[in-house]
Amino acid sequence: MRALKLHEISLADRLADRAVDALIDEADLSPKPALVDRRGNGAHSDLHLGLMHASALSLWPMFKEMAEAALEFGEVGLPLREALGRIGREGEQAMLTTTHGVNTHRGAIWALGLLTAAAALEPRAVTLTAAKLALLNDRYAPQPLSHGAQVAQRYGARGAREEAQLGFPSVMQRGLPQLHKSREQNAGEQNARLDALLAIMTDLADTCVLYRAGTEGLHAMQHGAQAVLDAGGSATLAGRRQLHALDQQLLALNASPGGAADLLAACLFIDRLDGAL
Ligand SMILES: CC(C)(COP(=O)(O)OP(=O)(O)OC[C@H]1O[C@@H](n2cnc3c(N)ncnc32)[C@H](O[C@H]2O[C@H](COP(=O)(O)OP(=O)(O)OP(=O)(O)O)[C@@H](O)[C@H]2O)[C@@H]1O)[C@@H](O)C(=O)NCCC(=O)NCCS
Ligand SMILES: Nc1ncnc2[nH]cnc12
């Protein structure tokens, strides 16, 4: 059978491929502190790598539909925002069916969903377009007392919504620059990705960590991640020792940086948009 050439595969298909690739690469990256990876389930009793993969794959039709909706509506506006909200909620249901009710990728549906739609709409201004979409109020969005909403009330933390509304500062100002820097220093691709994750963790108000381990957990995550980078990053022996210490400390606190993991996937997605689409 003849192999399909790149231009014969639709833009929506290619963007969905990239979003799912980013999720699988994030899940596989090891050793991530207290997160699910190739070594094990980190601080999660209900997650494992196979479930993360299955969840990522279950989201492919949702990402494709989001990109198609962006192409169909053709501009940022409430009709597109509300279509993305509906598609995202259906995607979340598909994820929960696949995982038998475990929340694997709620934050990723939000971040990568917006970025996928934005990449279809404005490939040269992806995070800005995603931010404009995130600022629009979806009238049909339910308002449950989510973990993020609870810690926002308790600690005044900025969560996933604000991260998107601000144009993903953790990705654009922390993760991506560190990814490029570590690559330039020949850290190796896996270490460069670990360093990008750590850079995101240095400053993020990760509502998963706050919900599970309060401000003690958040400080441990931010300072521990900075200590790895200060020691030379995950490609160095001193950095690896700090990374091991961070893993142990977060596990002891039951603090899983799931929000940072989603933003690493967003970082890998944006990084790949520079290649041929
Ligand atoms: C607007 C939403 C983003 C909802 O936001 P909100 O903060 O109200 O809701 P949460 O349910 O808390 O989900 C936000 C998820 O985003 C990730 N995250 C956390 N902090 C940040 C941050 N600072 N920046 C960016 N992203 C962040 C995180 O996702 C990961 O963690 C998930 C596991 O979390 P949790 O369920 O709390 O897990 P456990 O602690 O393990 O719980 P137990 O099992 O122990 O009880 C994991 O999935 C990762 O993905 C946050 O969870 C938007 O999501 C929304 O409106 N959703 C509603 C449905 C919808 O309309 N969707 C369509 C959107 S277009
Ligand atoms: N690798 C991972 N481990 C735990 N929670 C996550 N949420 C997104 N990616 C995750």
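These questions and answers walk through a predicted model, its ligand shells and its helix packing.

Student: Which helix gives the largest share of the shell around ligand 1?
Tutor: The shell around ligand 1 holds 35 residues, and the closest are Gly88, Gly107, Gly148, Gly258 and Gly259. Helices α4, α5, α7 (147-155), α8, α11 and α13 each supply at least two residues of that shell. The largest share is six residues, and it comes from α5.

Student: How many residues of the shell around ligand 1 are charged?
Tutor: Sort the shell by class. Twelve residues are nonpolar and 15 are polar. The charged residues number eight.

Student: Which helix gives the most to the shell around ligand 2?
Tutor: Here 14 residues surround the ligand, and the closest are Ala27, Leu35, Val36, Gly258 and Ala261. Two helices, α1 (11-28) and α13 (258-273), each supply at least two residues of the shell. With three residues, the one that gives the most is α13.

Student: How are α11 and α12 oriented to each other?
Tutor: Helix α11 spans residues 207-230 and helix α12 spans residues 237-253. Their axes lie 9 Å apart, at an angle of about 170 degrees. Angles over 145 degrees count as roughly antiparallel. The two helices, α11 and α12, are therefore roughly antiparallel.

Student: Which residues of α12 meet α11?
Tutor: From α11 come Ala213, Glu216, Gly217, Ala220, Met221, Gly224, Ala225, Ala227 and Val228. By class, the contact of α11 with α12 has eleven nonpolar, five polar and one charged. On the α12 side are Gly239, Gln242, Leu243, Ala245, Leu246, Gln249, Leu250 and Leu253.

Student: How do α3 and α5 lie to each other?
Tutor: Helix α3 (residues 60-73) packs on α5 with the axes 8 Å apart and at an angle of about 40 degrees. The crossing is right-handed. The contact includes Phe63 and Met66 of α3, and Leu112 and Gly113 of α5. By the angle, α3 and α5 are therefore oblique.

Student: How many of the ten residues of α6 are buried?
Tutor: Helix α6 (residues 126-135) is mostly covered. Its buried residues are Val126, Thr127, Thr129, Ala130, Ala131, Leu133 and Ala134. They pack against α4 (78-99), α5 (106-121), α8 (160-165), α9 (169-184) and α13. The count of buried residues in α6 is seven.

Methods: Residues numbered from 1 in each chain as written. Chains lettered and ligands numbered in written order. Predicted model: local features only at pLDDT ≥ 70, side-chain atom pairs only at ≥ 80, totals over all residues. Near = placed C-beta within 6 Å. Helix = DSSP H or I, 4+ residues; strand = E, 2+ residues; numbered from the N terminus. Axes fitted to C-alpha atoms, helices over the stretch in contact; angles between N-to-C directions. Parallel < 35°, antiparallel > 145°, perpendicular 65-115°, else oblique. Contact = placed C-beta atoms within 7 Å. Nonpolar A, V, L, I, M, F, W, Y, C, P; charged D, E, K, R; others polar. Buried ≥ 20, exposed ≤ 12 C-beta atoms within 10 Å, placed from the backbone. Left-handed = near helix turned anticlockwise from the far one by under 90°.
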